[in-house]
Amino acid sequence: MYIKIGFFLMRIPRLTARAPVLRAFAGVVLITGLAGCATPGPGETRDGVFDPQEPANRRVHAFNKRIYSRLSGDGEPGFVESLPNPVKNGVVNFSDTVALPQTVVNQLLQGRLLRASRNTLRFSVNATLGVAGLIDVASPMGLPEDRSNFGETLYVWGFPEGGYMELPVLGPSTERETVGLFVDFFTDPFAYVLPSPQRYVRYGARLGELMIKRSDYGDAIDAVMEGSADSYAQARVIWLEKRRHELGDDSIEGSGFIDPEALDTEGF
Amino acid sequence: MGYFTSRRGFLAGALSAGALAGLPGVAGAASAAQAEQLVQGLVGDVNTVIASGASEAAMIAEFERIFVRYGDMPYIAAYVMGADGRRATGAQKKAFTAAFQGYAARKYGKQFRKFIGSAINVSGTQKVKNAYQVATVAKLRGQSPFEVTFFVGEKSGRFYNMYVEGVNMLLTERTEIGAMLDLRRGDIDAMIADLRQAG
């Protein structure tokens, strides 16, 4: 593990050579982040989640919830909801296309060469035939959306999940995912190709995509945020289960097999 | 018909029939087929209710009936109540099971209603220890398809859990019931009263 961290630190100066302050910051985040990816002991919460920073996370959750209820606007169709479908699809497809180079880099780091080459093809097709990524012509051609990030790369390399985290605005995460997020932020291949203002287009597109997805799944998110007895604990268990499923990680307690005969059901 | 009357075809047919007949004794394959049948029946009933176009209240009442018909209710109730179930009285346990049924039908039924015009298809069955995992794919209009996996107990022959895109219903509901108990400082009767209104 220490060798891997060392490997990261060696790479950082090259990757962020243009921003010395950011480089130092990224280094600190990596060291504290990965060192902090502690392996949990026995389940700390009722649902077996490792959440050593729960009080701080709950404060962030309260903040996120205020933003969410401000944006969802009580039953009235919001701005995002009222947008015509072609516009929404355009934003989502564009965001996917500009994120593809990063996905390819990560899949190469994960040793998933087939998926990396499929995504390279997907990028070429959508960036050209798909009018700069606005139309997803690759999916019907058998090249469906398949995203990855550095959080997944860290999982593939064997880093532990670490404690649960809730990030401001971005929502649920883990220590491993948060480190991945920072690394992705500083290693986007687009940033090396595009001049300064254009390279931030990607983050605008991503934010737009997030807002569209949140409005598409509004009812389900409302059910968790407004309808549950403890929205923090619900969001935590649901997000962790979904993320572990995406990663194919079934090693963690709570996501494993539930024995249909190992309970005393007397009286129920 | 011609296939079975040719000699090679007859042999192949006899072999596959023998394989089917021989499997139950080896790995409980008849149960695997039953598990798949159970989920087919469940999915078929849910699809029928969705297609009926009845009112929301009527649909939810139907969903509760389906849930009770196919689900291992005592197991689900005992699991979601978790450790707190051990200190519950017999009457509380019965009341909890009944309240949970209605709550689950309301909560999941509201989500099912959006499946109008959609199709849920069984894609495969796998045996894991003493349970069968029946994988289905739900195709919704205008959305990418997603996986719903049903877990059927080998002994009970009923479904006791489902995963929607990897999200475990039993675990999620245990968290929710635990949170409801915390809100009532562990008062089981108060939690059951809340549960009757929730979902």
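Residues are numbered from 1 along each chain as its sequence is written, and chains are lettered from A in the order in which they are written. Because the model is predicted, local features need pLDDT of at least 70 and side-chain atom pairs count only at pLDDT 80 or more, while totals for chains, interfaces and linings use all residues.

**Exercise 1.** Determine which element of chain A has the lowest mean pLDDT and which the highest.

Solution. Begin with the scale: pLDDT is the predictor's confidence in each residue, from 0 to 100. Chain A averages 81, and 79% of its residues score at least 70. Next, take the elements, where helices (H or I, at least four residues) and strands (E, at least two) are DSSP runs, numbered from the N terminus. Chain A has 13 helices and two strands. Finally, over residues 1-22 of chain A pLDDT stays under 50. Where pLDDT is low, the predicted coordinates should not be read in detail.

**Exercise 2.** State where Ala132(A) and Lys129(B) lie, and classify each as buried, partly exposed or exposed.

Solution. First, locate the residues. Ala132(A) is in the loop between α6 (113-128) and α7 (150-156) of chain A, and Lys129(B) is in the loop between β1 (119-128) and β2 (131-139) of chain B. Second, apply the cut-offs: a residue is buried if 20 or more other C-beta atoms, placed from the backbone, lie within 10 Å of its own, exposed if 12 or fewer, and partly exposed in between. Ala132(A) has 13 such neighbours and is therefore partly exposed; Lys129(B) has 10 and is therefore exposed. Third, consider the backbone. Most residues other than glycine have a negative phi. Ala132(A), however, has a positive phi of about 55 degrees, and Lys129(B) one of about 50 degrees.

**Exercise 3.** Describe how α6(B) and α8(B) are arranged relative to each other.

Solution. The axes of α6(B), residues 90-112, and α8(B), residues 188-197, come within 8 Å and cross at roughly 25 degrees. The helices are therefore roughly parallel, a term for angles under 35 degrees. The residues making the contact (C-beta atoms within 7 Å) include Phe96(B) and Phe100(B) of α6(B) and Ile192(B) and Leu195(B) of α8(B). By class, the contact residues are eight nonpolar, two polar and two charged. Here Ala, Val, Leu, Ile, Met, Phe, Trp, Tyr, Cys and Pro count as nonpolar, Asp, Glu, Lys and Arg as charged, and the others, Gly among them, as polar.

**Exercise 4.** Identify the element that gives the largest share of the side of chain B that touches chain A.

Solution. The contact takes 34 residues from chain B and 26 residues from chain A. On the side of chain B, the largest share, ten residues, comes from α7(B). By class, this side has 14 nonpolar, 13 polar and seven charged residues.

Definitions and conventions:
Axes fitted to C-alpha atoms, helices over the stretch in contact; angles between N-to-C directions. Parallel < 35°, antiparallel > 145°, perpendicular 65-115°, else oblique. Contact = placed C-beta atoms within 7 Å.
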